[in-house]
Amino acid sequence: MGVGIEVTNLNAWYGTNHTLQDITLNIPANHATALIGPSGCGKSTFVRCLNRMHETNPIARVTGTVRIGDMDIYSDAAPVEIRRRVGMVFQRPNPFPTMSIYDNVAAGLKLNGYKNKRSLDEIVERSLKNSALWDEVKDDLKSKSGASLSGGQQQRLCIARALAVDPEVLLMDEPASALDPVSTSKIEDLIFQLKSQYTIVIVTHNMQQAARVAEKTGFFLNGRMVEFDSTHKIFTNPSDKRTEDYITGRFG
Amino acid sequence: MATSASSFRSKYRAATDHVVTGLAILATVLVVVPLVAIFVYLLLKGASSLNLDFFIKNPVPEGESGGGMANAIVGSGVLLGIASLIGIPIGIGAGIYLAEYGRGTKLANAVRFTADVLNGVPSIVMGLAAYSLIVIPQHHFSAFSGGVALGIMMIPTVARTTEEMLLMVPNMIREAALGLGLSNWRSVLSITVKTASPGIITGCMLAFARVAGETAPLIFTALGNAFWSVNPNREIEALPLQIWVYATGPYEDQHRLAWAGALVLIVLIVLAVSLVRYVTSRGVLKGAS
């Protein structure tokens, strides 16, 4: 089951560049939340702070608190543990190129020392079914490399790989921006199904996508969160002038 | 509609294309010709002296005819085994440090610079180094000291190719691994190094093939041995050493054996490299990049 995320006074820097300023918001459990805004507004940095990927860059720094479920991720646990509870799907599909489809999905468990073969098989199958890829790959699970799939299939493989570790939250950083429209709509259908089991945070450049998949939407601009509300409200009756300008296409 | 100017341009483009293609083909031929020429020459000169005795007999005293290089073939194997055990793990370890941990640090820059300098050190100096570090304290020559000299020579090639190959692994692969909750070392070993492994293996093979033909580092270390020996603590024969001794000797019989030895050395290197390539490529999957 998904858990809620409470972010309080989150600030992030790259070197001296203050990329996120005083972000406070509550992301509801088992819903999809979209983050929109022009390039460089900090929305990707924000999701990378939710699984402590931001700090893998040596010049990066974070302050503030992020509670995911009952855990304060910046004081209660190691990054490795948090990333098992908070899965991530990246902008460009990034399957492990030397691994089979099966091994890609099983990687998170296998490489963390999980050994039970039979239940591994079940987890791989369930994850691939949950990512709507099973029927397309079930005959080549161990014979084909993850890199041999099409871009859209690769991205669903990456989703399966993230789901296999059984996270509570799924972060998606522009998961469909490198894909064609058909693959994009498959990913969107998937998000729709997955939110019953996971809390989903999706960064997107595509406002129609946000409107289609998310119940809540946050609008970021220049490192600040301008507005956070129900998606319907953001797109029909935003309270902030800048939000309105952005969604009506006046900039960005 | 083609005007005269544009048709001239398109002819010019086509001509340039032909010239550049021709130059590329010429360069390829220039690369292949010496290699083929050496191999053919070795075949002509050496193949006639090859027989079963060459592979199963030890050398006979000077002036006598017959005998073989069994001890040198096995000795080269022992030396290269010791060299690989030293050069490959240290080289790969250093390469991993340079690419994955030390990126941009002063230590990494110093290590990279040292490796490049080490790569340019004449091989006889490596022999002298092993001589003063191992042979002098031990008061005797040994296969071990020869293996160390060759192993040290392998390190810079292995380290730098490992580094280059790891740097070619896209960062998004590392992020994918970390994003799954893998620890850093696990991600480096099981994901990044594994992804780069075909290139790393090529680097190891290059280093291996290079030192397999080295004579100079062995003169003060392995020394050579007219008798059968596989003891790492004793003097040992090696193909390049034996070829050098025979080729510079006065006897026609020895010259012929030297040619045969050179042919065998090349063939063995090609076989070893092909075998490693075959073994390591068996697990590669359809569509893996």
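Predicted model: local features only at pLDDT ≥ 70, side-chain atom pairs only at ≥ 80, totals over all residues.
Strands here are DSSP runs of E at least two residues long, and helices are runs of H or I of at least four, both numbered from the N terminus. Two strands count as paired if DSSP finds at least two bridges between them. Residues are numbered from 1 along each chain as its sequence is written, with chains lettered from A and ligands numbered from 1 in the order in which they are written.

On to the scores: the model gets ipTM 0.91 and pTM 0.89. Chain B has a mean pLDDT of 92, with 97% of its residues at 70 or more.

Chain A holds an open sheet of six strands, ordered β6-β7-β8-β3-β9-β10, with mixed pairing. β6 (86-89) and β10 (224-230) of chain A each have a single partner strand, so one side of each has no neighbour in the sheet. β9 (residues 216-221) and β10 of chain A run antiparallel, joined by six bridges; K216(A) sits opposite S230(A) in β10(A).

Elsewhere in chain A, β1 (residues 5-14) and β4 (residues 60-68) run antiparallel with eight bridges, and T8(A) has T65(A) as its bridge partner in β4(A). β4(A) also makes a hairpin with β5(A), with two residues between them, and G69(A) in the turn has a positive phi of about 60°.

Note on methods: pLDDT = per-residue confidence, 0-100.
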